[in-house]
Amino acid sequence: MANLVTSLCCVVLAAVVVAYAQRRSQLVARNQYERMGSDVTMQCGSLDNDASVSWKVNGTDVKAQHHLEGPRLVLNEVDLGHNGLYSCFQNPHGERRDTIYLHIGIPPRDPTVTCRSNTYPKGFYCSWHQLHPTYIPTTFEVDVQHNQRSLEVQKDPDHKNRCRVRFPEVFSSYPYKVNVTAVNALGKASTTISFEESSIVKPDPPERVTATPIRFNARRLEVSWQSPATWPDIDNFPLKYFLRYRPLIREMWQHVELSDSTSHTITDAYAGKEYIIQVAAKDTEIGTWSDWSVAVHATPWIEDPLPITSTTEVDFPTETKTSPIPNAAAVYVM
């Protein structure tokens with residue numbers, strides 16, 4: 001008898017668990033991703049084809065162009081306006097049987113990928129982006145190959161679509177191959193690029209650029225700067241610099257290339273004219289020039305003008321009698 005009671009209890013408990021699971025599945029929304037411009041069919045749970053149901057989106061009646069096929073709702077030529085939370089209710093009692101969150105988007109296209117080393121010889125970073133939005137969550141898978149082996153890829157914590165890779169060796173003659181695959185619920189697309197180590201070396205711009213007028217010299221400006229803080233080994237991998245400057249009244253730049261100095265004196269500035277000045281950096285042997293530094297403005301020394309001497313009016317008395325002038329009549333000033 002005890003065994004029979006136990007068995008009955010187990011059957012009842014199992015039925016309750018199944019009913020609870022079914023009920024919970026009706027309450028928890030499931031995601032459905034569909035391509036923009038397509039016709040979309042949403043199925044109301046596991047109801048039979050002859051079931052009669054009604055649908056709501058975000059709590060209101062479905063107003064978009066649609067039709068019903070038994071327990072299925074069919075939307076025509078969907079766009080972003082069809083996004084929302086759809087719920088179906090079984091007639092005649094109106095019991096909710098399913099909830100679907102509809103996401104409209106497009107499959108990813110081939111991502112645009114660029115790689116650069118601003119920390120040579122430590123490593124390089126690669127970044128990527130989609131030229132067109134997908135409107136739904138899209139992830140990226142990155143694979144980096146060098147000399148027939150896969151390299152460790154570290155996701156950049158500060159940039160969503162960027163990763164960093166350490167150089168396995170310096171001065172390698174083997175090319176690097178980077179593959180980035182964009183993946184979402186509607187499809188995937190990938191881009192592969194190859195490059196030589198030397199072709200991606202590009203420092204960050206020089207920092208703390210200053211320009212100072214030189215006292216008593218109306219045509220000179222003293223310019224100084226610091227190498228980029230991201231460049232890790234300035235002693236063994238020195239940089240050279242490119243200085244450009246022009247007065248604001250002219251459009252044409254003047255240029256000076258410097259070996260490894262971090263200062264330069266401009267000697268041909270126009271007296272009294274404001275100048276704009278920028279500096280770029282490059283590894284002395286490989287790679288390309290950095291972007292220009294933040295522009296600074298300076299004006300050569302201008303001599304202080306001499307003080308202007310002002311005249312002082314003299315007050316005369318209103319009536320004065322002067323002494324007689326020899327051989328002349330007395331003179332009175334009234």
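**Figure 1. Surroundings of Met-42 in the predicted model.** The structure shown is a predicted model. Met-42 touches Trp-55, Tyr-86, Ile-100 and Leu-102, among others. Its contacts also include Gln-32, Pro-71, Arg-72, Leu-73 and Leu-75. Residues up to four places away in sequence are not counted here. Met-42 sits in strand 2, residues 40-43. Its relative accessibility is 0%, so Met-42 counts as buried. The C-alpha atoms of Met-42 and Val-74 are separated by 6.5 Å. Along the chain, these two residues are 32 residues apart.

**Figure 2. The largest nonpolar core.** This core holds 41 residues. Which of them touch the most other members? They are Phe-124, Val-178, Val-223, Leu-243, Ile-266 and Ile-277. Domain 2 (112-199) and domain 3 (207-298) each supply at least three residues to this core. A second, separate core has 17 residues. Val-40, Cys-44, Leu-73 and Leu-75 are among the members of that second core. In soluble globular proteins, nonpolar side chains tend to be buried together.

**Figure 3. Contacts of Phe-124.** Neighbours within four places in sequence are left aside in this view. Phe-124 is in contact with Cys-115, Arg-116 and Ser-117, among others. Val-144, Cys-163, Arg-164, Val-165 and Phe-167 are also contacts of Phe-124.

Figure 4. Strand 15 covers residues 176-184 and pairs with strand 16 over 9 bridges, in the antiparallel sense. Within this pair, Ala-182 stands opposite Ala-189 of strand 16.

Figure 5. The bond from Asn-91 to Pro-92 is cis, with omega near 5°. Pro-92 lies in the loop between strand 7 (84-90) and strand 8 (95-105). The bond from Tyr-120 to Pro-121 is also cis, with omega near 10°. Where is Pro-121 placed? Pro-121 is in the loop between strand 9 (112-116) and strand 10 (123-129).

Figure 6. Asn-147 is a residue other than glycine, yet its phi is positive, near 50°. Asn-147 lies in the loop between strand 11 (139-146) and strand 12. With a relative accessible area of 35%, Asn-147 is partly exposed. Phe-216 is not a glycine either, and its phi is about 70°. The loop that holds Phe-216 runs between strand 17 (207-213) and strand 18 (221-226). Is Phe-216 buried or exposed? Its relative accessibility is 61%, so Phe-216 counts as exposed.

**Figure 7. The protein as a whole, for orientation.** The protein has 1 helix and 25 strands. Of its 334 residues, 35% are buried. Take contacts between residues at least 6 apart in sequence: 61% join residues at least 24 apart. The accessible surface comes to about 20,900 Å². Carbon and sulfur atoms account for 52% of that surface.

Notes: Residues numbered from 1 in each chain as written. Predicted model: local features only at pLDDT ≥ 70, side-chain atom pairs only at ≥ 80, totals over all residues. Heavy atoms only, no water. Helix = DSSP H or I, 4+ residues; strand = E, 2+ residues; numbered from the N terminus. Buried < 20%, exposed > 50% of the residue type's maximum accessible area, 1.4 Å probe, protein only. Contact = heavy atoms within 4.5 Å. Areas by Shrake-Rupley, 256 points an atom, 1.4 Å probe, with all protein chains shown as cover. Pairing = 2+ DSSP bridges. Core = buried A, V, L, I, M, F, W, Y, C linked by side-chain atoms within 4.5 Å. Domains from an automatic or database assignment.
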